[in-house]
Amino acid sequence: MTTSELETAWACSRVVHDFFHHYDHWRYARMLDLYTPEGVWHRAGAALRGHARILEELERRPRNQRVAHVVTNLRVEPATAATAGATYYLTVYRHAGEIADDAAAPMAGPAMLLAGTAELVRTEQGWKFDSQTLTRRFETGPAR
């Protein structure tokens, strides 16, 4: 990879990691800053296009839970000087119900594993998602 491609890969990986960090900490405005104004988030079978629609869906999330999204196997492939694609896995841990901030939440294992794909674009404000798709690959339940 060239230095420029490495810089792109690093910047785009930060977008992915920052997005889920803000998601886990309920920082929706900071999440939206990582999307282009008309960007689309394919999530739970819905295509959420634009900041207003994404925020509408986020505000439906129950606040009485603790969630952690762990990003792994992240690969960023620069396509041009202003576009890149990314693939990654998200392991999701979830505890439903109120719990003190300093308490460890009980868990039996991950709630699900998602496969993520993204198209990112360079804007005047830096790299942003133009689209992101999350697809469930595994979820908690009886093994078959």
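Tutor: Helices (H or I, at least four residues) and strands (E, at least two) are DSSP runs, numbered from the N terminus. Two strands pair if DSSP finds at least two bridges between them. In this model, β5 and β6 form a hairpin with 2 residues between them. The model is predicted: local features need pLDDT of at least 70, side-chain atom pairs count only at pLDDT 80 or more, and totals for chains, interfaces and linings use all residues. Residues are numbered from 1 along each chain as its sequence is written, and side-chain values use heavy atoms, with hydrogens and water left out.

Student: In which sense do β5 and β6 pair, and over how many bridges?

Tutor: Strands of a sheet pair through backbone hydrogen bonds, either parallel or antiparallel. Here β5 and β6 are antiparallel, with 12 bridges.

Student: How does β1 pair with β6, and how with β2?

Tutor: The strands β1 and β6 run parallel and are joined by 4 bridges; Tyr35 has its bridge partner, Phe129, in β6. Strand β2 (residues 46-49) runs antiparallel to β1, also through 4 bridges, and Trp41 is bridged to Leu48 in β2. The hairpin of β1 and β2 has 2 residues between the strands, and Ala44 there takes a positive phi near 50°.

Student: What is the strand order of the sheet?

Tutor: The order is β2-β1-β6-β5-β4-β3, in an open sheet of 6 strands with mixed pairing. Because β2 and β3 stand at the edges with a single partner strand each, one side of each is left without a neighbour in the sheet. From one strand to the next the twist averages 15°.

Student: Which strands do the helices α1 and α3 lie across?

Tutor: For such angles, axes are lines fitted to C-alpha atoms, for helices over the stretch in contact, and angles run from 0 to 180 degrees between N-to-C directions. Contact means heavy atoms within 4.5 Å. Helix α1 lies across β1, β3, β4, β5 and β6, at about 165° to β3. Helix α3 lies across β1 and β2, at about 45° to β1.

Student: Are Thr8 and Ala96 buried or exposed?

Tutor: Thr8, in helix α1, is buried, with a relative accessible area of 4%. Not counting residues up to four places away in sequence, Thr8 touches Val76, Pro78, Ala84, Arg122 and Trp127. Ala96, in strand β4, is exposed at 63% relative accessible area. Leaving aside neighbours within four places in sequence, Ala96 is in contact with Asn64 and Gln65.

How values were computed. Buried < 20%, exposed > 50% of the residue type's maximum accessible area, 1.4 Å probe, protein only.
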